[in-house]
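This report describes a single protein model.

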Amino acid sequence: PANPLCERLNFASIFQSNLDEFYMVRVGMLMDTLHLTAVDDKTGMTSAEQTAAVLDRTRELMAGRDRICKSLLSELAGQGVEICRFHSLSDKQQSFLEKHFTSNVLPLLSPQIIGRKQPFPFLRNKAIYAVAILKTKSGSERMGIVPCGGGVLRRLVPLSGDGQRFVLVEDLIASFLPQIFTHYKVEGTVLIRLVRSADIHMDERSSEMSELLAEEYRKSMEKLIRRRKRLQPVKLEYQGKLSDTVRDALCACLGLSKKHLFSCESPLDLSFMGALRDMLRDRPQLFYPRRVPQNSPNVDPLVPMTKQIRKRDLMLTYPYESVRPLLRLLQEAGQDPEVVSIKMTLYRVAHNSKIVEALVDAAENGKEVVALV
């Protein structure tokens with residue numbers, strides 16, 4: 001609480017993405033080796049013992065996350081930006097959202113019903129799904145599944161008014177499942193989010209491949225990366241009441257034990273926090289003080305970069321010093337007829353990276369551009 005509100009929102013998102021990645025890579029690897037009895041030299045535990053310890057610790061961490069997220073969303077509402085639950089809204093607001101759902105959401109949904117003739121669908125990694133328990137006229141039970149994202153639906157659905165109050169699209173979909181499964185009685189609903197393993201293994205010999213095998217190596221890696229999207233589930237989070245019937249069906253279809261299921265009170269995906277943070281950019285007290293990179297005293301802004309570095313080496317330290325000299329160097333190189341190629345290593349780039357833009361311009365100008373990411 002000593003940190004500004006919007007920075008804490010940021011770290012709530014980071015907590016989730018880090019936990020997801022830990023499960024995808026580390027727990028994925030542990031689950032691949034559950035059958036082994038060898039003891040890890042760092043922990044003194046087998047893979048099965050490590051997995052059990054991780055699951056217990058995760059339950060504690062997620063309880064803490066739920067508590068903190070509830071507090072953060074409450075503080076956010078105090079700033080006028082609010083995430084509302086559909087069932088807590090007035091009749092007028094619910095009516096407004098129903099029209100929005102019918103016009104803008106329902107046509108984009110792809111619901112599926114699971115039965116003897118309809119196999120269980122593939123659930124994408126980290127995607128949110130609404131699951132419905134459906135009762136037929138004869139009294140038998142089925143399960144309906146509706147994807148709540150897929151990149152075509154806006155996550156934050158604004159309420160009518162000032163544009164500062166929202167419902168999450170998955171909450172909206174779950175609330176209108178009876179309109180989706182019109183031939184059934186909806187007995188219950190729950191939202192789920194699956195995390196899959198991303199632990200892939202390449203043949204040990206691949207690191208010693210000659211150039212003749214490079215093309216084959218690239219093709220093998222492409223296949224592995226495609227396959228990674230379909231690797232085994234390692235964690236299932238759910239929001240709402242999960243009946244024993246649905247829980248057992250999900251575990252059976254996904255090949256998961258009940259220990260890998262986690263109940264959540266807070267939203268299943270916290271990435272929307274970034275959009276809420278951006279709405280409050282005009283309130284500097286909610287953010288850390290802005291740090292401004294300094295211009296390096298060793299760089300002359302009026303002299304071309306290539307002339308300066310021919311005279312002496314220049315060292316720039318990010319993020320303390322401005323990245324502009326490097327950008328200038330790349331832009332100059334992209335235009336310089338004497339430059340044949342640009343080769344560099346990139347660790348992480350911004351969504352709209354000016355460095356990538358400069359490299360693209362250079363490539364379009366006929367330079368050979370190689371970047372190791």
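In which loop is proline 319 found? Proline 319 sits in the loop between helix 9 (305-311) and helix 10 (324-335), where helices (H or I, at least four residues) and strands (E, at least two) are DSSP runs numbered from the N terminus. The peptide bond that leads from tyrosine 318 to proline 319 is cis, with omega near 5°.

The model is predicted: local features need pLDDT of at least 70, side-chain atom pairs count only at pLDDT 80 or more, and totals for chains, interfaces and linings use all residues. Residues are numbered from 1 along each chain as its sequence is written, and side-chain values use heavy atoms, with hydrogens and water left out.

**Overall**

The protein has eleven helices and eleven strands. Its C-alpha trace spans about 85 × 55 × 45 Å along the principal axes. Of its 373 residues, 38% count as buried; buried means under 20% relative accessible area, exposed over 50%, and partly exposed in between (1.4 Å probe, protein chains only). Among the contacts (heavy atoms within 4.5 Å) with a separation of 6 or more, 72% come from residues 24 or more positions apart.

Lysine 126 is partly exposed, with a relative accessible area of 36%.

Six strands form an open sheet in the order 2-4-3-7-8-9, with mixed pairing; two strands pair if DSSP finds at least two bridges between them. Strand 2 (112-114) and strand 9 (261-263) are at the edges with a single partner strand each, so one side of each has no neighbour in the sheet. From one strand to the next the twist averages 30°.

Strand 7 (185-196) and strand 8 (residues 233-240) run antiparallel and are joined by seven bridges. Along this pairing, leucine 191 stands opposite glutamine 239, and isoleucine 192 stands opposite tyrosine 238. On the other pairing, strand 8 and strand 9 are parallel over three bridges, and tyrosine 238 has serine 263 of strand 9 as its bridge partner. Seven of the eight residues of strand 8 are buried, so this strand is largely enclosed by the rest of the structure.

For their angles, axes are lines fitted to C-alpha atoms, for helices over the stretch in contact, and the angles run from 0 to 180 degrees between N-to-C directions.

| Helix 1 | strand 7, strand 8, strand 9 | about 140° with strand 8 |

**The core**

A nonpolar core is a set of buried Ala, Val, Leu, Ile, Met, Phe, Trp, Tyr and Cys residues joined through side-chain atoms within 4.5 Å. The largest one holds 40 residues, of which Tyr23 and Ile173 touch the most other members. Elements that each supply at least two residues include helix 1 (5-32), helix 3 (91-105), helix 4 (169-175) and strand 7. Helix 1 gives the largest share, five residues.

Leaving aside neighbours within four places in sequence, the contacts of isoleucine 173 include Phe101, Val105, Leu109, Ala130, Val146 and Ile180.

**Aromatic contacts**

The whole structure contains four aromatic pairs. Rings of Phe, Tyr and Trp (its six-membered ring) pair if their centres lie within 6.5 Å; planes under 30 degrees apart count as stacked, over 60 as edge-to-face and the rest as tilted.

Tyrosine 23 and phenylalanine 262 make an edge-to-face pair, at 6.5 Å centre to centre and 80° between the planes. Tyrosine 23 belongs to helix 1 and phenylalanine 262 to strand 9, so the pair ties together parts 239 residues apart in sequence. Both tyrosine 23 and phenylalanine 262 are buried. Phenylalanine 101 and phenylalanine 176 are stacked, at 4.9 Å and 20°. Phenylalanine 101 lies in helix 3 and phenylalanine 176 in the loop between helix 4 and helix 5, so this pair ties together parts 75 residues apart in sequence. Phenylalanine 101 and phenylalanine 176 are also buried.

Ring pairs link Phe22, Tyr23 and Phe262 into a cluster. Lysine 235 lies over the face of tyrosine 23, 5.1 Å from the ring centre; a charge sits over a ring if NZ of Lys or CZ of Arg is within 6 Å of the ring centre and within 35 degrees of the ring normal.
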